[in-house]
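Please look over this model with me.

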Amino acid sequence: MSLVFAGVCSHAPGITGRAHLAEPAARDAFYAGMAQMRAELEAAQPDAVIVMAAEHFANFFMNNMPAFAMGMGKRYDAPIEDPAWLGIEKVQVPGNPELSKRLITEVMQSVDVAFAEEWKFDHGIIVPLHFLTPRYDKNIIPVNINCQGPPLTPLHRAWAFGDALRRACDKVTERIALVGTGGISHWPATPDSGKVNWEWDQRFMDHWCRNDKDAMLAYTDEETLRDAGQGGFEIRTFMAVAAAARGLGKILHCAPIPIFAVSCTAATMAVV
């Protein structure tokens with residue numbers, strides 16, 4: 001098989017931009033979880049890393065909001081945000097257009113997906129890469145699932161996309177790592193920013209670790225918005241990873257850090 005690693009992690013901008021404001025023990029425990037995730041990713045020796053995120057109106061807008069999009073660029077500029085605000089300097093991240101094209105072509109056999117040869121990474125992708133590929137020496141294939149503009153991508157379609165992505169990875173000879181990024185409960189850019197629903201987060205991550213498809217697909221957007229905020233819609237990326245990996249998950253770290261405005265998560269899943 002060519003999918004050699006699967007995992008999920010948080011991507012909140014405060015993780016890097018407000019690091020100095022966090023309680024040091026809580027911050028360092030999360031950073032240690034990300035370091036362990038990086039070590040496991042590196043041990044898998046991937047040729048390319050697919051990073052699946054919810055894009056924050058940096059490239060896709062309400063005049064054209066694809067349910068799914070994949071990058072097919074030679075390189076990607078990041079971050080689109082002010083480096084002083086995000087705490088990450090400007091960088092160019094390498095892509096692999098030929099590999100992207102092969103993966104996209106296979107995914108399209110069962111799931112419609114847009115593609116983009118130009119893509120500027122926002123915090124949803126570059127914050128995880130800052131920890132997981134800090135030398136920016138791996139070919140990156142960005143993926144966006146519409147978690148931001150209603151009508152949102154249905155959960156069962158996010159699962160189908162993950163399944164199609166797995167099939168595509170297994171048809172190439174390159175070793176592929178898959179990382180889904182986002183939050184679990186969080187209320188970004190609202191008066192409730194910094195609030196998390198820790199009980200909801202624990203329950204969802206339990207479903208994810210058991211790869212309980214029925215439990216995860218039973219969530220409704222109305223319930224998620226009420227209990228986990230609009231940021232909770234990003235569980236789509238976690239579900240797609242579960243669909244692709246097909247194994248059981250392992251939490252490396254998951255705990256609320258309010259100044260980062262999310263339960264900071266790092267977890268891996270066995271590829272079976």
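Predicted model: local features only at pLDDT ≥ 70, side-chain atom pairs only at ≥ 80, totals over all residues.

1. Residues are numbered from 1 along each chain as its sequence is written, and side-chain values use heavy atoms, leaving out hydrogens and water.

2. Start with helix 7 (residues 198-209) and helix 10 (residues 235-245). Helices here are DSSP runs of H or I with at least four residues, and strands are runs of E with at least two, numbered from the N terminus. The two helices pack at an angle of about 20 degrees, with axes 11 Å apart. Helix 7 and helix 10 are therefore roughly parallel (angles under 35 degrees count as such).

3. Which residues of helix 7 and helix 10 meet? W200, F204, M205 and W208 in helix 7 meet I235, F238, M239, V241 and A242 in helix 10 (contact means heavy atoms within 4.5 Å). By class, this contact has nine nonpolar, no polar and no charged residues.

4. Most peptide bonds are trans. A cis bond joins A78 and P79, with omega about -10 degrees. P79 sits in the loop between strand 4 (75-78) and helix 3 (83-86). Another cis bond joins P150 and P151, with omega about 0 degrees.

5. Q45 is not a glycine, yet its phi is positive, about 55 degrees. Y136 is not a glycine either, and its phi is about 50 degrees. Buried or exposed? Q45 is exposed, at 55% relative accessible area, whereas Y136 is buried, at 16% (buried means under 20%, exposed over 50%, with a 1.4 Å probe and protein chains only).

Note on methods
Axes fitted to C-alpha atoms, helices over the stretch in contact; angles between N-to-C directions. Parallel < 35°, antiparallel > 145°, perpendicular 65-115°, else oblique. Nonpolar A, V, L, I, M, F, W, Y, C, P; charged D, E, K, R; others polar.
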